[in-house]
Amino acid sequence: MTLHTLLPQEIDDLAKRVIEENSAIGRKVVLAESCTGGLVAGALTEIPGSSAVLDRGFVTYSNESKMEMLDVSLDIIETFGAVSIACAWAMAKGALARSNADVAVAISGVAGPGGGTQLKPVGTVVFAKVVRGDEGEPEGELKRFEPASRADIRKEATLCALDLLLP
């Protein structure tokens, strides 16, 4: 029997690890996605048993949705922009507050082909991870993927987000 997967094999394999490893420790996750448009949640739900791990996902593509659904402040968006570690951290924090999850990962970026600026060119993606009960600075990271294509940037961002969800 041939296994058919909806997404590229490397995404499917990493999503399987995320589900297996988080399930083994009883950890639930929540996602706040912008440029990936639900791809990370989609990758997780391709895996049998994902309901034991994925609490929910927020696809907050517009700035308005980030503010309404995740309580990202207008000040953050106006000062730093939607593609900033500050915004990604606020997205993750908001997702965690509105879920029953133990860990939140947020993704926001410029997938292109348009929309890039000199400071934030196409391929700029920010990630944040917040763990319930952790004190101190949240994890945040800005990455620049070579803009081969919109699909490539979104694929790389999905892989990075899945990696952040590993325990």
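## The core

The largest nonpolar core here holds 56 residues, and Leu44, Ile107, Phe127, Leu162 and Leu165 are the ones with the most contacts inside it. A nonpolar core is a set of buried Ala, Val, Leu, Ile, Met, Phe, Trp, Tyr and Cys residues joined through side-chain atoms within 4.5 Å. Buried means under 20% relative accessible area, exposed means over 50%, and partly exposed is in between (1.4 Å probe, protein chains only).

Bear in mind that this is a predicted model, where local features need pLDDT of at least 70 and side-chain atom pairs count only at pLDDT 80 or more, while totals for chains, interfaces and linings use all residues. Residues are numbered from 1 along each chain as its sequence is written, and side-chain values use heavy atoms, with hydrogens and water left out.

Now for β3, residues 103–109: seven of its seven residues are buried. (Strands are DSSP runs of E, at least two residues, and helices are runs of H or I, at least four, numbered from the N terminus.) Val103, Val105, Ile107 and Gly109 point one way, with Ala104, Ala106 and Ser108 pointing the other.

β3 runs parallel to β1 (residues 29–33), joined by five bridges, and Val29 sits opposite Val103. With β4 (residues 124–131) β3 runs antiparallel, through seven bridges; there Val103 faces Val131. Strands count as paired if DSSP finds at least two bridges between them.

## Around Ile107

Setting aside neighbours within four places in sequence, Ile107 has contacts that include Ala32, Cys35, Val40, Met91, Phe127 and Ala161. Contact means heavy atoms within 4.5 Å.
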